[in-house]
Amino acid sequence: MSGAALAAWRARADAPGAVLLDGFHALKHALRFHADVPLAVAADKPAALELAGTLAPELGDRLAALLEPVTPDELRALVPRPHPTGVAALAVRRPARLAEARAPVVVLDEPRHLGNIGAVIRVAAGAGAGGVITTGTADPWHPSALRAAAGLHFATAVERREPGELPPWPLYALDPEGEDIRAVTVPDRALLAFGSERAGLSAALRERADRLLALPMRPGVSSYNLATSVAMTLFHWMSAGSRRDDVEGCRGDPSPSPPGASIL
């Protein structure tokens, strides 16, 4: 990597709104969902293009033009913990457009674990949710969250807000004391709130909730993990027969994934 290219990377990385795409899968999804990706590098460009041929053939030509070869040492100088695929890129963070959402928006109430945030974003993107909002201090666009989400931040709306800044939609909060979710119809324009991994729902979100919902669970089991809880709740919403076509239409993927493309 030339000195000029290294300087360009570092300048871009420090620019407002820049986010790191760590790994081939994050770059693949960002490109599929029309992210602005000005720079991308690969420690083994032929291997990265071979992977593209298997998992994202529609992106082969674009990746061939975009990826700049670097040495493994140069990659480690750019990325603290390089992905096993040896690919990294810089993208421009996309502003959320939650007002346009046609599906429920997931609210993570003061989440702490960046990997959990990324896993939830990945679930939300796959289910066609309207977006993911986090409250608290964790940045949902942190590189660790982007890595866990495999770059699917660009497939849905993702942002951090204060509890008082949530959209004025009905809020359904998941809580063990709530009513069985199987008896409730979740509307399309709704907020689905999930408490933090340890503390559960905050007092502010519990007070704001219009209804408390509980997921069915076998006696003796303490809890589901966060991404599983979100997946079960969104599947309940998706399962309404009249919504199946709508969910397909709101995914926004410009081209179907080839077999095996979702396997990391």
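With which side chain does the side chain of histidine 83 make a polar contact? In this predicted model, the partner is the side chain of threonine 85, at 2.8 Å. Histidine 83 itself sits in the loop that runs between α5 (72-78) and β4 (87-92). Its relative accessible area is 17%; because buried means under 20%, histidine 83 is classed as buried. Leaving aside residues up to four places away in sequence, histidine 83 touches Asp22, Gly23, Phe24, His25 and Arg147.

Six strands form an open sheet in the order β7-β6-β5-β9-β8-β10, with parallel pairing. At its edges stand β7 and β10 (211-214), each of which pairs on one side only. From one strand to the next, the twist averages 35°. Between β6 and β7, which run parallel, there are 3 bridges. Threonine 134 stands opposite arginine 160, a residue of β7.

Helix α6, residues 114-127, lies across β5 (105-108), β6 and β7, and runs at about 155° to β6. Helix α9, residues 226-238, lies across β5, β8 (171-180) and β9 (191-194), and runs at about 155° to β9.

The loops on either side of α7 (143-148) supply the next feature. The count of aromatic pairs comes to 1. This pair consists of tryptophan 141 and phenylalanine 154, in an edge-to-face arrangement with 5.4 Å centre to centre and 75° between the planes. Tryptophan 141 belongs to the loop between β6 (131-134) and α7, whereas phenylalanine 154 belongs to the loop between α7 and β7 (158-160); the pair links distant parts of the chain, 13 residues apart. Both tryptophan 141 and phenylalanine 154 are buried.

The structure holds 9 salt bridges, and one of them joins aspartate 139 to arginine 93, with 3.8 Å between the closest N and O atoms. Why does this pair tie together parts that are 46 residues apart in sequence? The reason lies in the positions of its members: aspartate 139 is in the loop between β6 and α7, and arginine 93 is in the loop between β4 and β5. Aspartate 139 is partly exposed, at 27% relative accessible area, and arginine 93 is likewise partly exposed, at 34%.

A second salt bridge brings together the side chains of aspartate 175 and arginine 206, at 2.4 Å from N to O. Is each member buried or partly exposed? Aspartate 175 counts as buried, because its relative accessibility is 9%. Arginine 206, with a relative accessibility of 34%, counts as partly exposed.

Another salt bridge is formed by aspartate 210 with arginine 208, whose closest N and O atoms are 3.8 Å apart. Arginine 208 is partly exposed, with a relative accessible area of 28%.

Definitions and conventions. Residues numbered from 1 in each chain as written. Predicted model: local features only at pLDDT ≥ 70, side-chain atom pairs only at ≥ 80, totals over all residues. Heavy atoms only, no water. Helix = DSSP H or I, 4+ residues; strand = E, 2+ residues; numbered from the N terminus. Buried < 20%, exposed > 50% of the residue type's maximum accessible area, 1.4 Å probe, protein only. Polar contact = N/O pair within 3.5 Å; in protein donor to acceptor, adjacent residues only side chain to side chain. Contact = heavy atoms within 4.5 Å. Phe/Tyr/Trp six-rings, centres within 6.5 Å; stacked < 30°, edge-to-face > 60°. Pairing = 2+ DSSP bridges. Axes fitted to C-alpha atoms, helices over the stretch in contact; angles between N-to-C directions. Salt bridge = Lys/Arg side-chain N within 4 Å of Asp/Glu carboxyl O.
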